[in-house]
Amino acid sequence: MKKRPVLNILLATFFLYFFLVSIKLLEKGIKTLGAEYTDQLFQSVSSPFAGLLVGTLATVLVQSSSVTTATIVGLVGSGFLNLEYAIPMVMGANIGTTVTNTLVSFGHVRREQEFKRAFAASTMHDFFNLMAVLALFPLQLATGFLTKMSIYATDAIIATGFTATKPNSPIKAAIKSGANFVVDFLSRIPFIDNLYQNSYRIYAGLLIFLAILFIFLSLKNIVSNMKSLMLNRIEFGLDRALAKGGGVVAIIIGIFITFSVQSSSITTSILVPIVGSGILAIENAFPITLGANIGTTITAVLASFAVETSDGLTIALCHVFFNLISVIVIYPIKPLREIPIKLATALSNATAKRKFVAILYVLITFVLLPLLGIVLFN
Amino acid sequence: MSDYSLDSIDAKLGEMLTNSSHMFDLSMNCLLGDTNLDTVKENLYSTDKTINELHRDVRRELIVHSAVNSRNLDVPLLLAYMTMSKDIERIGDYCKNIFEIAETGNSFAKEAEELDYFISLRDQISGFIVSLQTCLSLDEEDKVQELIASGAEVGKEIDEKITSLLENKLEVKYPVATTLFYRYLKRVNLHIVNAATAIIMPTDQIDYIDE
């Protein structure tokens with residue numbers, strides 16, 4: 001084996017551990033705040049609709065649904081958020097993550113036909129995720145089916161005795177000792193120790209801020225190392241997708257690539273120039289995008305290994321079920337799966353001649369509407 | 001940067017060259033020998049289609065490679081592959097043109113004086129295609145330089161022949177067919193040399209061996 005892949009494996013493993021430690025730190029920070037204070041904060045997200053939009057906006061800001069969902073797992077695991085509000089947030093994260101590849105499509109803006117294809121390839125992901133939320137969010141509000149399914153699955157997994165789910169598992173112990181090491185290290189810094197002694201809420205805020213920063217940094221490094229490691233296989237997978245066309249194989253390729261690099265944005269952003277150049281039809285890129293939606297859910301499942309309560313695993317499974325069900329419901333029915341493609345094509349036709357429409361679309365969908373919604377629903 | 005598609009592109013260029021070599025030998029034998037044209041025509045045209053498909057595959061793989069490796073992209077290398085594949089693809093087209101000279105009823109098989117020279121040209125250029133294939137897989141600069149120099153030499157020789165024909169200084173049985181033949185042969189030779197320049201020369205110098 002060459003030197004570079006070994007380094008990539010070591011770095012990816014280290015940052016995966018650091019990622020789990022960061023989730024634990026987030027949990028510690030929230031617990032340091034105290035139940036009374038967190039209850040007050042929690043009331044600021046007072047409706048599932050607001051939760052949905054907070055999830056969208058937060059993901060747009062950090063440009064990664066994995067960061068948002070991993071943070072949500074940490075918040076749920078620490079008891080700061082309950083499932084009722086966390087589930088819409090996870091759905092919102094799905095919508096927010098599509099902004100990255102939409103921005104990538106702007107790289108093709110100089111060539112009209114190419115931009116049309118690239119913009120359609122990116123926005124079909126937006127429309128699919130919006131459609132999934134429109135279909136499943138009201139159903140979840142009315143029946144709580146996702147919550148029930150996830151709790152059932154969590155209980156089933158715990159019943160199997162899977163090591164990572166046990167409170168005293170070696171994995172959890174290793175993560176806990178890592179988090180304790182970071183906290184000890186911070187307490188040796190006089191300024192931080194002073195905060196801890198005299199103003200524990202500011203100290204807790206700092207811990208939460210650092211934890212989210214560490215989640216972001218560790219995920220960024222996991223993604224870059226895994227991408228370097230998996231480049232050959234990604235290209236192989238995409239060449240297979242080009243040869244086979246769409247279908248279930250393409251969904252599996254999407255899952256595999258995203259699972260490997262821990263980022264749906266990487267997968268969908270790679271597709272944009274390939275569709276833009278015209279060598280992959282938008283219809284064939286669509287199932288790869290759906291696979292990316294499923295593949296990205298693994299990050300939250302990994303994050304759930306770091307938290308103490310089983311609710312962390314439940315919300316992670318909720319993310320899995322939401323993306324899985326949306327694909328199972330929409331993709332097999334031709335008229336349904338054509339909706340996001342047709343809408344994306346229509347929008348890209350409208351934006352090809354008037355580029356400002358594309359900019360307006362991004363601003364309104366990903367910034368103004370979520371902001372307005374948060375204000376209204378709170 | 002990943003090696004998967006670059007290896008795959010190298011393999012496809014090699015395959016294009018194998019097919020080009022086959023087309024060149026077939027078309028030259030039709031004109032210089034007594035090969036039955038009907039028996040090789042289908043083979044020749046289907047081989048050209050295979051080359052064209054491989055050319056499109058190379059382009060597709062270049063796009064996938066650039067999309068996946070967008071952050072560490074070796075742009076000069078991709079441009080070199082692009083131009084090289086185009087040059088190799090053109091060899092097949094000129095082989096078809098050579099075949100078409102034979103198809104219109106011209107045969108150099110009985111042109112005793114020039115035939116030996118034609119055969120020596122065929123052998124040299126055929127050897128260049130094989131050398132290009134070796135250069136592509138070994139990436140040895142000396143061998144590429146040698147190929148470029150030999151190719152340039154043959155190119156000059158053919159140019160002189162064309163000039164002599166245009167100035168009516170060379171008497172041949174089929175002047176138009178012979179001029180076209182030299183012209184096509186010159187293009188085949190030039191595309192081989194151009195493809196070789198793409199292996200070692202800076203992007204702006206590719207195709208310009210005289211300047």
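Predicted model: local features only at pLDDT ≥ 70, side-chain atom pairs only at ≥ 80, totals over all residues.
Q: What makes Val90(A) stand out in the largest nonpolar core?
A: That core has 166 residues. Val90(A) is among those with the most contacts inside it, along with Ile23(A), Val73(A), Leu132(B) and Ala196(B). Helix α11 (residues 200–244) of chain A gives the core its largest share, 17 residues.

Q: Why is Ala93(A) called buried?
A: The cut-off is 20 or more other C-beta atoms within 10 Å. Ala93(A) has 31 C-beta neighbours inside 10 Å, so Ala93(A) counts as buried.

Q: Where is Ala93(A) found, and what is in contact with it?
A: Ala93(A) is found in helix α5 (residues 83–96) of chain A. Neighbours within four places in sequence aside, its contacts are Gly55(A), Thr59(A), Ser65(A), Thr68(A) and Thr69(A). Gly178(A) is 85 residues from Ala93(A) in sequence and 28 Å from it in space, C-alpha to C-alpha.

Q: Why is α4(A) described as largely enclosed by the rest of the structure?
A: Count its buried residues. They number 13 of the 13, so α4(A) is largely enclosed by the rest of the structure.

Q: How do you know what span to expect for helix α4 of chain A?
A: The rule uses 1.5 Å a residue. Helix α4 covers residues 65–77, and its 13 residues reach 18 Å from first C-alpha to last. That is close to the 18 Å expected. After α4(A) comes Gly79(A), with a positive phi near 85°.

Q: What makes the size of chain A agree with a compact globule?
A: A compact globule with 378 residues would have a radius of gyration near 21 Å. Chain A has 21 Å, so the value agrees. Its C-alpha atoms fill a box of roughly 60 × 55 × 45 Å along the principal axes. Buried residues make up 51% of chain A.

Q: Why is chain B called as compact as a globular protein of its length?
A: Chain B has 6 helices and 0 strands. For its 211 residues the globule rule gives 17 Å. The radius of gyration of chain B is 18 Å, close to that value, so chain B is as compact as a globular protein of that length. Its C-alpha trace spans about 60 × 40 × 25 Å along the principal axes. In chain B, 39% of residues count as buried.

Q: How do you know that chain B touches chain A, and which helix supplies the largest share of that side?
A: In chain B, 12 residues are in contact with 13 residues of chain A. Both α1 (4–32) and α2 (37–68) of chain B supply at least two residues of this side. The largest share, 7 residues, comes from α2(B). By class, the side has 5 nonpolar, 4 polar and 3 charged residues.

Q: How many helices and strands does chain A have, and which elements have the lowest and highest mean pLDDT?
A: Chain A has 18 helices and 0 strands. Chain A has a mean pLDDT of 86, with 94% of its residues at 70 or more.

Key. Residues numbered from 1 in each chain as written. Chains lettered and ligands numbered in written order. Contact = placed C-beta atoms within 7 Å. Helix = DSSP H or I, 4+ residues; strand = E, 2+ residues; numbered from the N terminus. Nonpolar A, V, L, I, M, F, W, Y, C, P; charged D, E, K, R; others polar. Expected span 1.5 Å × (residues − 1). Buried ≥ 20, exposed ≤ 12 C-beta atoms within 10 Å, placed from the backbone. Core = buried A, V, L, I, M, F, W, Y, C linked by C-beta atoms within 7 Å. pLDDT = per-residue confidence, 0-100. Rg over C-alpha atoms; globule rule 2.2 N^0.38 Å.
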